[in-house]
Every structure is written in C-alpha cells, then in structure tokens.
Amino acid sequence: SASSPVFNFPVPEEYVSRTPPYSKLVSNLNKVNQIFNHQPLTLAEKILYSHLVDPEESLAAANGSTANIRGEQYLKLNPDRVAMQDASAQMALLQFMTCGMASTAVPASIHCDHLIVGKDGAEEDLVKSIATNKEVFDFLQSCGEKYGIQFWGPGSGIIHQIVLENFSVPGLMMLGTDSHTPNAGGLGAIAIGVGGADAVDALTGTPWELKAPKILGVKLTGQLSGWSSPKDVITKLAGILTVRGGTGYIVEYFGEGVQTLSCTGMATICNMGAEIGATTSTFPYQDAHRRYLVETNRAPIAEAADAVNKQVGFLQADKGAEYDKVVEINLSDLEPHVNGPFTPDLSTPISQFGAVAQKEGWPSTVSAGLIGSCTNSSYQDMSRAVSIIKQAEAVGLKPKIPFFVTPGSEQIRATIERDGLIDTFEKNGAIVLANACGPCIGQWDRTDVPKTSTETNAIFTSFNRNFRARNDGNRNTMNFLTSPDMVTAMIYSGDVNYNPITDSIKLENGEEFKFQPPQGEELPSHGFIKGREQFYPEASPKPKPEVSVNVSPESDRLQLLEPFLPWSGEELSTNVLLKVEGKCTTDHISAAGAWLKYKGHLENISYNTLIGAVNKETGEVNKAYDLNGDSYSIPELMIKWKEEARPWVVVAEHNYGEGSAREHAALSPKFLGGSIILVKSFARIHETNLKKQGMLPLTFADEADYDKISSGDLLTTVDLKDMIAKNGNNGGVLTVKVTKKDGSTFDILCKHTMSKDQVDFFKAGSAINHIGNLKRA
Ligand code: SF4
C-alpha cells in the first residue's frame with residue numbers, strides 16, 4: 001500500500017495512480033476562485049481550470065469574470081491520464097518515440113479494439129484478427145512494456161468501456177485518441193478526444209492547449225420510463241442541436257432528472273456528445289456514480305470522491321453558475337428516437353418513423369440489428385434487451401433478421417454470460433461478437449449484403465455514428481441509430497413501420513402479440529466478475545528500457561516517421577487542388593474499414609486521402625484535375641504535385657473534419673504536400689490536428705468567397721509573416737491573394753485561430769518537431 005495526500009487511509013498503489021490528485025486540484029481551484037472573485041463556476045470549469053498548469057497565466061485576461069475566458073482564451077492544461085486505441089495509438093506512439101523519453105509523464109493505456117473483425121462470432125473472429133494484425137499488436141505491446149503503458153490486448157474490450165470500468169473518476173481530466181473519449185464524462189470526468197500529437201503533449205508532460213470552451217447546460221427534468229432510455233436523451237439532443245451545435249462547448253447536464261439515471265446511462269449520453277461536435281460532456285457526482293465505482297471494485301476511490309465533494313463541493317456546479325446556453329429535456333415526455341441515415345442529427349421519434357421513411361423513400365424493411373459497442377453495452381442495456389427477447393421466446397416468436405451483439409469488455413461479457421444473458425441471446429439466434437469495435441468501425445465482414453450493392457438497405461444499431469460505409473463498407477447501407485431496446489424489438493418485425501410501443505406482431509397461431517416495456521437491472525445483483533485473466537494487464541506496469549521496439553523497414557503496416565520540413569519563413573503560395581462539396585467528415589478525408597490496417601504506415605495510408613470527398617465542380621467522388629485538365633484520383637494528384645514541389649490547398653464547406661479524432665486526416669494531407677485547408681467552418685478536433693501537423697487551417701471571413709474560388713487557382717498569403725511575428729495573437733484575419741487561371745486577381749479575407757504554441761508548431765513543421773526540439777534543447 002501507499003500513502004497519498006488524496007487518501008488519509010492506506011490503499012493499494014493502483015488506486016492512487018487511478019485517482020485524480022484531488023488535494024492539488026482543490027488548491028488550484030482556490031486560486032481560480034480568487035481570480036474570478038468567487039463568481040460561481042460550472043462543474044466543467046471547476047474540473048478544467050483546476051487542471052491548469054498556471055491559473056494566473058492562463059486566466060490573466062479574466063478581469064474577474066468567466067465571460068472573458070470562455071470561448072476567448074487558450075488554456076494550458078495538465079491532463080491526469082491518456083488512453084489510446086490500437087488504430088490511433090500506432091501513430092501516437094510513433095510520434096512519442098521521436099521525443100526520446102524513457103517513460104510517459106502520466107499513466108496511460110493502450111486498447112486493442114478497432115482492428116478486430118466482426119463476422120462469425122467472438123472466438124473465430126478473434127483468432128483471425130490477431131493473426132492478421134500480429135505485427136501491429138506486437139508493436140503496441142512492446143511500446144507498452146518499454147514505456148510502462150498498460151496494454152489491453154485484443155479481446156479485452158473497447159477503449160471507452162474499459163476506461164469507464166477502470167479509470168474514469170469524478171473530477172479526472174483525461175485525453176483519449178478517439179473521438180468518443182467523452183464517454184468517461186458519464187462518471188463525472190472531463191475526457192476529451194484528441195489526435196495522437198495532442199496525446200504526445202500529455203505523454204511527454206508538455207502543457208496541453210485548449211481554447212476555453214463555452215458551457216452548454218442541459219437541464220434534465222422528470223424521469224425515464226417504459227421504452228425510453230438514456231440513448232433517447234442524446235438522440236433527441238442531437239436533433240435539437242445538430243452536428244455543429246456543440247462545437248466549442250462542453251455539455252454539462254444538471255437538474256433533478258440526472259439523479260434518476262444510471263452511471264452507464266450517463267456514459268451513453270456523454271459518448272454521443274461527440275456527434276454534436278461538443279468538446280466533451282459531463283455529469284455532476286451522483287449516488288449512481290458511487291454505486292458504479294463500488295461495483296467496479298473501486299470503493300476507496302468512491303470514498304475519496306465523497307470526501308472531496310463533501311468538503312468543498314468540487315464535483316458539483318456552484319449554485320448560481322451560469323451557462324452560455326441552456327436546453328431543457330423532460331425525461332417523462334421523452335419518446336424513443338431513431339436517428340439517420342448518414343447523419344446522427346436527423347432525429348425522428350419512433351411514432352413518426354414509418355411515415356417519414358415512406359416519405360423519404362428509405363427502405364421499407366430493416367436488414368439487420370446490432371446492439372452493444374462502446375455506446376450501449378452496459379449491464380442495464382443488455383438486461384433490458386434480454387427482457388424483450390424473453391418475451392418473444394415465451395410466445396415462440398423468432399427474429400426475422402440477423403442480430404449481432406457486441407459486449408464492450410471482458411468484464412461485461414463474463415458477467416452477462418454468468419447471468420445467462422449470453423445464452424438467451426445465442427439461443428434466440430444472435431451472434432455474439434468479440435469484445436471489440438467490429439461492425440461499428442467498418443470491420444463488419446458482412447455476408448448477406450455485398451459491399452458493392454447499389455441497392456439501399458437499412459440497419460438498426462445502438463451505435464453512435466452513421467456516416468456512409470461506416471459499418472459494412474457499403475455506401476448504400478443506411479444506419480439508423482437508436483436504443484438497444486428499439487433494435488431488439490425491431491429484429492422481430494423487420495418492418496420500418498413497426499412501433500413496439502403501440503403495435504403488435506402476428507404470431508404463427510394467428511394471435512397478436514405486443515411487447516411489454518423492457519425491464520433491466522442497473523447493475524448486476526451478484527456483482528461483476530472479471531472473466532478470463534488473459535485479458536487483463538498488469539495493474540501498474542513499470543517501464544522496461546531494455547525492451548526494443550522493432551519496426552521493419554520492409555513492413556507495409558508500420559513505418560518510422562520522418563520529421564516534416566520546417567516553415568521556409570516565406571509567405572505560402574499554393575494551388576487549389578480540390579474544391580469539396582458538402583459534408584466532409586474525417587471518414588471522407590481518411591477512410592476507415594480496410595484502411596485501418598495502414599494506421600501505422602503514413603505513406604501507405606495516405607493513398608486514402610480524401611477519397612470520399614465530392615468534387616464541387618464535377619460532382620464526382622475522388623476525382624481531381626491537374627492544371628492542364630488531366631484527371632486523377634485525389635491522392636494521385638496530391639502525390640504528383642508533391643513530386644513537382646507544388647504546395648496545395650483544399651477548399652471546403654461547413655464543419656470540415658466532422659466526426660472522429662482521426663489525426664491521419666491531418667497527417668496525410670501534410671505528408672502529401674498540403675499546406676492550407678480553407679473552409680467555411682471546422683470541427684474542433686480536426687482544426688487542432690491540422691495545426692499540430694504544421695498545416696494552416698483558415699476559414700472564409702465571408703462565406704460567399706467559397707463560390708469565387710476554383711480548382712487550379714493560386715492562393716498566396718499576404719500577411720502570414722506578420723501574423724507569425726505576432727505569435728498568432730490567439731486568432732485574427734489574414735489576407736489571401738487569389739490568382740485565377742486567366743491571370744486576374746482579387747484579395748479575400750480569411751480567419752485563423754492560431755495561438756503562440758500553434759505558431760511554434762507551424763514554424764517547426766509540426767508539434768512533434770517542436771516538442772522534440774524542446775526536449776533536446
Ligand atoms: Fe469502437 Fe465504435 Fe466505440 Fe469507436 S464508436 S470506440 S469504433 S465501438
């Protein structure tokens with residue numbers, strides 16, 4: 001055991017490393033309170049500002065009011081922990097390795113989940129996926145051993161579920177190299193999805209920078225009942241706020257309705273906050289949090305949270321705290337919602353879904369149902385789904401469509417197996433997949449509908465994201481996001497007009513059968529069990545410098561990184577390679593699915609750059625035109641221009657880079673010779689990722705200028721050097737001269753949001769170059 005200022009009683013060391021440094025945070029918060037003249041703070045501000053490296057410096061412009069900070073100032077933060085999933089961890093660790101450190105500055109974990117295929121069932125799929133990805137898993141494992149990072153191997157579970165079960169704690173601040181990292185906010189943490197280069201900041205102990213978010217309060221009143229579930233809170237909210245509504249905000253839930261939710265239900269809500277573009281989401285400390293901490297074998301941490309909350313109210317918003325915006329949802333009136341297709345904010349109440357489907361020409365039948373994933377695989381979710389299946393089983397009703405279940409972790413899988421839930425799933429035709437992402441990330445080796453099918457088909461899932469080709473690689477598969485309850489009921493009908501709340505299904509004997517609302521248990525009455533030991537890493541691994549991390553020069557999966565060249569010191573002169581039309585998510589910029597296997601090989605994965613983008617001028621997907629009119633695939637033209645030393649710019653519309661924390665969406669354009677991305681607006685993580693890779697992200701001051709620019713135009717910055725000399729000034733306006741192919745010119749104004757640190761990244765060629773320079777100095 002070890003003693004710590006957090007605990008005034010002896011506890012095992014592993015609890016100390018998994019508990020936020022509450023004493024230090026409270027002392028920092030005291031300083032913050034003085035700076036704001038004791039103005040009431042929201043919970044999100046308390047957690048975030050107590051993690052400031054130097055509150056006096058970051059809050060210097062406060063002038064006694066949080067309004068001068070929110071949305072205005074950059075914060076320099078010290079996160080407590082980092083989590084990385086296998087696909088993004090490769091690049092994060094390749095970047096970390098270039099910094100030459102012997103161990104990580106904060107506790108960190110690696111989770112092998114994205115590279116596991118879902119097809120026949122857990123056992124078969126896992127064996128095949130381990131064989132296919134051995135080189136990558138070995139690389140990650142050796143990095144874990146060398147640097148003292150906990151390594152959760154293939155089959156152990158999905159990053160966010162493992163983090164919730166083991167690492168998320170009220171008041172914690174963590175970074176994760178995955179956009180659904182905010183899932184941990186369900187247990188009162190501030191958990192932010194970032195690219196690998198941001199993770200390297202935390203891993204190297206370099207202050208991590210974030211523009212202070214505004215705070216969006218969601219007031220929950222009433223109580224869920226019947227068919228309504230936590231998933232419906234967030235699918236409804238996504239409909240209200242849209243995919244851009246949370247950009248620049250932390251979403252903080254409050255109101256008496258919060259007390260009626262389970263911890264895992266809150267995690268589902270926070271998880272999908274990513275779908276509205278929020279920086280993260282969080283909940284105030286509740287009895288449900290205490291219950292979950294105790295059940296997941298963390299009673300000492302619950303004691304510490306209780307104590308710090310009782311003493312100084314650290315884990316609650318102050319009375320009178322002000323939100324920049326408030327949305328109210330009455331849980332008592334909440335109807336189940338179904339969101340999609342192709343965008344998570346197209347939200348339809350179940351009672352209207354059939355009519356809307358008919359009007360929109362969506363398929364009239366559902367082709368498959370999938371539940372689980374990091375979003376919805378809690379004990380409560382699974383037990384409610386089983387309560388529906390048991391009702392069907394009792395009357396001899398059989399599923400009409402394929403049904404897949406993805407447990408989020410070995411702990412969940414083993415517990416639901418012990419309690420007979422897996423048996424019920426399997427006896428009723430479900431395929432239980434490995435504890436991994438599988439069909440949620442394009443790793444669904446689907447056999448009933450070919451990838452190339454040109455006919456649309458509809459699937460119902462309890463997942464969180466539904467961009468084209470996201471699940472089975474088929475652009476015509478429409479993924480409708482909903483609760484596990486709705487998915488499970490739907491497998492017995494398969495008809496989009498079916499509403500289990502009001503409709504019945506005809507049985508073989510001609511009788512009509514109507515489901516009763518699902519019933520579930522918040523937590524297993526006999527406690528959780530760990531399951532198979534082989535899936536658990538050492539609790540507190542120590543770095544082993546003697547371990548060598550091998551990357552073969554022959555490998556097509558892994559490639560050591562070459563530093564990007566520093567800025568030349570001159571204005572940028574770039575040709576427009578592509579003008580993108582409409583939605584351009586990180587899935588469009590750096591596709592997943594089959595490409596996931598190249599995540600550790602920058603050159604190979606770069607062949608996927610923007611292959612999903614639509615050319616505004618021709619309507620074609622993955623087509624760009626050289627200055628002489630010759631056509632190429634988009635990455636081919638990038639490679640050609642790189643060889644010709646012709647820097648390029650991509651021009652696009654709103655919320656560019658929406659979706660995930662995928663830093664390859666920034667790394668690959670930089671690797672292929674891009675220097676500017678000019679858009680109507682950015683998704684937050686992607687804009688930061690571009691800056692981290694030394695790219696210049698700009699937005700049109702006047703959106704109408706988008707229409708004036710064509711591919712092939714030459715864009716030259718006029719006052720970049722001046723902006724750099726001023727260290728970015730935390731944002732401002734740049735003038736860009738546009739030269740058309742006929743030689744005519746005009747100037748446009750573009751906005752930037754560069755801070756001093758980001759200017760340093762730009763000058764050095766990338767953030768990693770800059771950190772490496774600092775560490776070597
Ligand atoms: Fe995995 Fe899907 Fe969750 Fe991402 S959203 S971590 S792909 S299960």
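The legends below describe close-up views of a predicted model. Local features need pLDDT of at least 70 and side-chain atom pairs count only at pLDDT 80 or more, while totals for chains, interfaces and linings use all residues. Residues are numbered from 1 along each chain as its sequence is written.

View A. Of the 13 residues around the ligand, S373, C374, C437, C440 and I441 come nearest; a residue is near if its C-beta atom, placed from the backbone, lies within 6 Å. The shell holds six nonpolar, five polar and two charged residues, where Ala, Val, Leu, Ile, Met, Phe, Trp, Tyr, Cys and Pro count as nonpolar, Asp, Glu, Lys and Arg as charged, and the others, Gly among them, as polar. Domain 1 (13-331) and domain 2 (335-513) each give at least three residues to this shell; the domain bounds come from an automatic or database domain assignment.

**View B. An open parallel sheet.** Four strands follow the order β10-β9-β8-β11 with parallel pairing. Strands (E, at least two residues) and helices (H or I, at least four) are DSSP runs, numbered from the N terminus, and two strands pair if DSSP finds at least two bridges between them. β10 (280-282) and β11 (325-330) are the edge strands, each with a single partner, so one side of each has no neighbour in the sheet. Strand β9 (249-254) is joined to β10 by three bridges, and I250 has T280 as its bridge partner in β10.

View C. The domain centres, taken over C-alpha atoms, are 28 Å apart.
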